Amino acid sequence: MTEISSDVIRGYNDTMILFILEQEPSYGYEISKQIKRISDGKYLIKETTLYSAFTRMEKNGYIESFTQEQDPEGNGKKRTYYRITDSGREYYRAKCDEWSLTKEVVERFIKI
Amino acid sequence: METIKNYLEAMFAGLPDTAEVRKAKAELLQMMEDKYNELRAEGQSENTAVGTVISEFGNLDELADDLGLKNEVQEFNDAESANPRRQISRDEAASFIENRIRKSLFRAVGVMLCIISVACPIITSQGDTQIVLAGPSLMFVCIALGVGFIVYSGFVDSEWKFIGKQLCFIDMNTASYVKERRKSFEGVRAICLTLGIVLCIVCWVPCLLFSASARVTIGPALMFLLVGIGVFLIVYANSASKGFDMLLRVNDTKTISGGYGEPAPSEMKYVSKTAETIVLCYWPVVTCLYLIVSFLSFRWDLTWIIWPIAAVSYRAVVINCRSDD
């Protein structure tokens, strides 16, 4: 069975996370579930990978974190949520362009 | 869920205790908990859910990089390979505890023999010349035996001498096992300490009871016997229970796993070197004084009064010699 090359996908974890955060603010496990759902279960992001991406992107100013109650009634623990920033949107667009170019170039060498 | 917490705990055990590391640990636990809860809600068994969560967790190396902990992790790994921390497993902890209890028993018996030895010349001092002479010899035999026991107790745990010299660590499992053992020993310890203290407090009663009898020396002899047994119980209980705290304290408190035991209580501080000498020599000097006065005056029915007086003045001496900071 073919597996995703972790080397290649590493550069696009940020893109996937930003794609999800562009729709609405979200939190760790929810994001990993979305990635699994959108990729039809073909890609499972590891918790450590996800958390590294959060800290890295927060440092770079692409996302912001805030805490919110776990459920609307307000009982229960607080949870860390993330939302995309303007520079995050810019970065996302740049990554999309980068991928189109990469795909276009690599595609020319692929025989199926 | 306990297994997941333990797993995370073990993964983070060597990392420094900083705000970033704490946050990372809390966030990762939250994600794992969410996943675990959902898998359980989907009807998976506890074991399957735990297995899935752990297998999909990833590893900390990439995380350390992004947390700016690359140097710390590197340092930790270097230190680890240069001077490996020795893990003390659960089985080792169990055998350490057995060993410690045996050691404490030998040591306590040794101390007891040394104290009781004094009773020999006292009890024989009231007889014929031959019997009188037998007393000191018996005393030295007792002391020799006692010292033998104490020296031997030092060898009993020689294979565990590395604790305290080498960096060691225990995991949470072992720690909770040791805590359990400590809890079950707590009852024995309480009984030993109470009985020991009571024996030391009432030790002068025989002196009072036998002061009118023809054989006045029975009183003081019994007194040393009672003190000997009392001290035996106190030494045994304290020394054995110290073993549990020793194990719980082996972890490096600077890492995020921290120590499992309370920090070691600070030793008594003295105002000066002279004060320390006075406090440390107090009881041996009192014992010698008591024996000299008693043998010279041969008023065993009266001389016991030295002990209560000495005990009261000991408090005064300690209060004056101890520094508060």
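Q: How many residue pairs are in polar contact between chain B and chain A?
A: Between chain B and chain A there are 7 residue pairs in polar contact, with both residues at pLDDT 80 or more, and this is a predicted model, so the values are computed from predicted coordinates.

Q: What about Asp34(B), where does its salt bridge go?
A: The side chain of Asp34(B) meets that of Arg79(A) in a salt bridge, at 2.5 Å from N to O, and the pair crosses between chains, from helix H2 of chain B to strand E3 of chain A.

Q: Are Asp34(B) and Arg79(A) buried or exposed?
A: Both Asp34(B) and Arg79(A) are buried.

Q: OK, and which residue of chain A does Glu38(B) meet in a salt bridge?
A: Glu38(B) meets Lys33(A), with their side chains 3.0 Å apart from N to O. Lys33(A) also forms a salt bridge with Glu30(A), where the closest N and O atoms are 3.8 Å apart, and Glu30(A), Lys33(A) and Glu38(B) are linked in a network of salt bridges.

Q: How are Glu30(A) and Lys33(A) placed in helix H3 of chain A?
A: Because Glu30(A) and Lys33(A) are 3 residues apart in helix H3 (residues 28–38) of chain A, they are separated by about one helical turn. Glu30(A) is partly exposed, with a relative accessible area of 23%, and Lys33(A) is likewise partly exposed, at 27%.

Q: Which residue does Glu64(A) meet in a salt bridge?
A: The partner of Glu64(A) is Arg83(A), and their side chains meet at 3.1 Å, N to O. Glu64(A) lies in strand E2 (residues 63–69) of chain A and Arg83(A) in strand E3 (residues 78–84) of chain A, so the pair ties together parts that are 19 residues apart in sequence. Glu64(A) is partly exposed, with a relative accessible area of 38%, and Arg83(A) is partly exposed as well, at 35%.

Q: Switching to the nonpolar side, which residues touch the most other members of the largest core?
A: The largest nonpolar core has 38 residues, and those touching the most other members are Ile17(A), Ile31(A), Tyr51(A), Phe54(A), Phe12(B) and Leu28(B). Helix H2 (residues 19–41) of chain B contributes the largest share of this core, 7 residues.

Q: What is Phe54(A) in contact with?
A: Leaving aside its neighbours within four places in sequence, Phe54(A) is in contact with Ile17(A), Gly28(A), Ile31(A), Ile63(A) and Tyr82(A), and also with Met31(B).

Q: Which residues are included in the second core?
A: The second, separate core has 30 residues, including Ile97(B), Tyr177(B), Leu199(B) and Ala237(B).

Q: Where is Leu199(B), and what does it contact?
A: Leu199(B) is in helix H9 (residues 172–202) of chain B, and it counts as buried because its relative accessibility is 18%, where buried means under 20%. Apart from neighbours within four places in sequence, Leu199(B) is in contact with Leu226(B), Ile229(B), Gly230(B) and Leu233(B). The C-alpha atoms of Leu199(B) and Leu225(B) are 9.6 Å apart in space, and these two residues are 26 residues apart in sequence.

Q: And Ser294(B), buried or exposed?
A: Ser294(B) is buried, with a relative accessible area of 0%, and its place is in helix H12 (residues 273–297) of chain B. Not counting residues up to four places away in sequence, Ser294(B) touches Arg299(B), Trp300(B) and Thr303(B).

Q: Last one: how many helices and strands are in chain B overall?
A: Chain B has 14 helices and 2 strands, and buried residues make up 40% of its 325 residues. Of the contacts in chain B with a separation of 6 or more, 76% are between residues 24 or more positions apart.

Note on methods. Residues numbered from 1 in each chain as written. Chains lettered and ligands numbered in written order. Predicted model: local features only at pLDDT ≥ 70, side-chain atom pairs only at ≥ 80, totals over all residues. Heavy atoms only, no water. Core = buried A, V, L, I, M, F, W, Y, C linked by side-chain atoms within 4.5 Å. Buried < 20%, exposed > 50% of the residue type's maximum accessible area, 1.4 Å probe, protein only. Helix = DSSP H or I, 4+ residues; strand = E, 2+ residues; numbered from the N terminus. Contact = heavy atoms within 4.5 Å. Salt bridge = Lys/Arg side-chain N within 4 Å of Asp/Glu carboxyl O. Polar contact = N/O pair within 3.5 Å; in protein donor to acceptor, adjacent residues only side chain to side chain.
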